[in-house]
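Biologist: I would like to learn how to read aromatic pairs and nonpolar cores in a model. Can we take them in turn?

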Amino acid sequence: NKSNQKIIVVGNGGSAADSQHLAAELIGRFKKNRKPLKSVALTTDTSIITSNANDVGYDSIFSRQIEALASDFDVLIGISTSGESKSVLNGIMEAKKIGCLTIGFSKEGPNSLNKLVDYSIRVPSDETGVIQQSHITFGQLLCYYLEETLTWIISMSKTICIIPARSGSKGIVDKNIINLGGHPLIAWSIKAALETKLINQVYVSTDSENYKQIAIKYGATVP
């Protein structure tokens with residue numbers, strides 16, 4: 001059910017705070033008033049977290065929640081400054097079983113999180129404070145990008161063209177076409193476009209079989 005698609009965020013310590021910060025801005029607002037984006041940080045329910053930590057093990061605190069709450073084509077963002085947090089890694093593995101798209105916020109260099117996720121944000125530093133500052137900065141850039149994307153979508157009159165498999169400029173190409181470039185949140189863009197009721201058809205141009213399946217699942221036309 002495309003109306004249930006959401007962004008899930010997980011992390012420990014300072015990364016838990018970043019998870020909550022990101023989810024709050026997706027549901028609330030960053031710079032513009034707009035419809036809320038469904039998002040949840042799995043770091044806030046102390047009863048769930050402590051019962052799982054006590055009865056099953058701390059490393060299961062996110063994977064158990066993801067097993068219960070996540071659906072295919074949800075987006076899971078895992079935040080770990082080291083890239084080796086077991087609870088985050090277990091959450092990512094569970095999400096991949098379900099069919100979620102996975103994104104990791106970590107540091108540059110080889111680590112388990114970078115290897116496991118579909119997309120990774122890698123901060124070129126070994127300083128924990130610098131990595132954390134970069135993570136929240138990128139999280140806010142993501143909020144800004146989504147808000148701008150939704151603004152573009154709502155400004156369209158009838159037709160939108162999303163081109164997810166190529167890099168390139170973002171923005172309005174002409175009065176009826178928008179190019180969102182290559183980004184992993186294609187399903188969100190299709191869903192947001194159709195829910196405006198101002199757009200009656202979404203075209204997705206891509207050579208990626210994975211993107212084609214996502215596009216068709218969420219109501220887009222693949223030429």
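Modeller: We start with the rings and then turn to the cores. Keep in mind that this is a predicted model.

Biologist: How many aromatic pairs does a search of the whole structure find?

Modeller: One.

Biologist: Which rings form the pair, and why is it edge-to-face?

Modeller: Look at the angle between planes; over 60 degrees counts as edge-to-face. Here the rings belong to Phe 105 and Phe 138. Their planes stand at 85°, so the pair is edge-to-face. The ring centres are 5.4 Å apart.

Biologist: Which parts does the pair tie together?

Modeller: Place each partner in its element. Phe 105 sits in strand S4, residues 101-107, and Phe 138 in helix H6, residues 128-155. The pair therefore links parts 33 residues apart in sequence.

Biologist: Is Phe 105 buried or exposed? And what is the relative accessible area of Phe 138?

Modeller: Under 20% means buried. Phe 105, at 2% relative accessibility, counts as buried. Phe 138 has 30%, and is partly exposed.

Biologist: Now the cores. Which residues touch the most other members of the largest nonpolar core?

Modeller: Phe 62, Ile 66 and Leu 76, out of 16 residues. Strand S1 (7-11) and helix H4 (86-98) each supply at least two residues of this core. H4 gives the largest share, four residues.

Biologist: What is Phe 62 in contact with, leaving aside neighbours within four places in sequence?

Modeller: Its contacts include Val 10, Leu 42, Thr 43, Val 88 and Gly 91.

Biologist: Which residues does the second core include?

Modeller: That separate core has 14 residues, among them Val 9, Leu 22, Leu 101 and Cys 143.

Technical notes: Residues are numbered from 1 along each chain as its sequence is written. This is a predicted model: local features need pLDDT of at least 70, side-chain atom pairs count only at pLDDT 80 or more; totals for chains, interfaces and linings use all residues. Side-chain values use heavy atoms; hydrogens and water are left out. Rings of Phe, Tyr and Trp (its six-membered ring) pair if their centres lie within 6.5 Å; planes under 30 degrees apart count as stacked, over 60 as edge-to-face and the rest as tilted. Buried means under 20% relative accessible area, exposed over 50%, partly exposed in between (1.4 Å probe, protein chains only). A nonpolar core is a set of buried Ala, Val, Leu, Ile, Met, Phe, Trp, Tyr and Cys residues joined through side-chain atoms within 4.5 Å. Contact means heavy atoms within 4.5 Å.
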